[in-house]
Structure formats: structure tokens, C-alpha cells
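Visitor: Please show me the model. I would like to go through its sheet and a helix.

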Amino acid sequence: MPIKIKNKRNYSLTKRVKSHVIADLSVNYFEKIALEKAFTVECFEKDYGYDLLVQTFNKQGLFEPGQFKVQMKATRKPKYLTSTKEVSFVCEKKHLNGWTKDTDPVILVLFDSKKRKAYWLYIQNHLISKKIKINNIRGESKTLRIPLKN
């Protein structure tokens, strides 16, 4: 949420907060990559667990049936795990629960705003391969490990 500040003349002005800037940068980063692959990217106006809807096209430019959804997360200080070549991200259980129920693939993208790099995780596939069951998650969140290379 933007904050109000007062300028030299004591007028109240709205200031754009850094978290909103890096969130927009993360979407821009992903959109550029997708558009270079000739995919289409639509931004959801209201964010209820997804930021983007992506439709793909093959090398001949023909539409491929299906789509996938993207949830962007941006940070200035991701937690890198150098020993495992991963970055960790604490994800709310309610989001994981919703994503697992989605029939479209859901990709979580973590954007490092300082390095201008992003790391991604195919959520449903990750939870299945790691045998993570939502009902077995203790607490309200789960730490996910996102590979630095994928």
C-alpha cells in the first residue's frame, strides 16, 4: 500500500514504495522472456494467487492447447542455499492448497531484484515429487527450495 508523506510545503503526497517497484520489475522480467519465446502473457487485474496467464506457441508459431499460470514473488534479499544450489522461499499454506487444486500448471517465480535473476518451480510437480501433502504441513507456511538452475 502506498504511504503518504509531506513535502516541503506540507502537502500530503503519495510515495511509491520499493516493494511495488520490484514487484513490477519481476513481472517485466518474466514477460520479456515469455515474449521472446513468442508466448502470450496476460496479467490478472486482481491477484488471488496468480499474477500471469501464459499461452504457448510452437516453433512454427502455431498455438499449443493449454496454458499455465504464474505467481511472481519479488525480493531484495532471497535466502540462497549455496551448499545445495537452491534458494529458499516461505510460501503460505493457503496458496499451496489452491495451487494444488488448479487444473492448469502453476509456476512460482522468485525474482531477485538486486541480481535481476529469477528462479522458478513447477508447484504441482514439485509437491508430488517431494511427496508433500498439504494436510501434513504444520503451521501456516512451508519453506520451498527452488533450484538455481532449471
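Guide: The expected span of a helix is 1.5 Å times one less than its number of residues. Helices (H or I, at least four residues) and strands (E, at least two) are DSSP runs, numbered from the N terminus. This is a predicted model: local features need pLDDT of at least 70, side-chain atom pairs count only at pLDDT 80 or more, and totals for chains, interfaces and linings use all residues. Residues are numbered from 1 along each chain as its sequence is written, and side-chain values use heavy atoms, without hydrogens and water.

Visitor: How far apart are the end C-alpha atoms of α1?
Guide: α1 covers residues 18-36. Its 19 residues, at 1.5 Å each, should span 27 Å, and the model agrees, because the end C-alpha atoms are apart by 27 Å.

Visitor: Which residues of α1 are buried?
Guide: Buried means under 20% relative accessible area, exposed over 50%, partly exposed in between (1.4 Å probe, protein chains only). L35 and E36, on the other side of α1, are exposed. The buried ones are I22, S26, V27, F30 and A34.

Visitor: How wide an arc do they cover around the axis?
Guide: The arc is taken from the directions from the helix axis to the C-beta atoms. These residues lie on the same side of α1, because their arc is only 140°.

Visitor: In what order do the five strands form the open sheet?
Guide: Two strands pair if DSSP finds at least two bridges between them. The pairing is mixed, and the order is β3-β4-β5-β8-β9.

Visitor: Which strands stand at the edges?
Guide: An edge strand has a single partner, so one side is left without a neighbour in the sheet. The two are β3 (40-43) and β9 (117-122).

Terms used
Contact means heavy atoms within 4.5 Å. Axes are lines fitted to C-alpha atoms, for helices over the stretch in contact, and angles run from 0 to 180 degrees between N-to-C directions.
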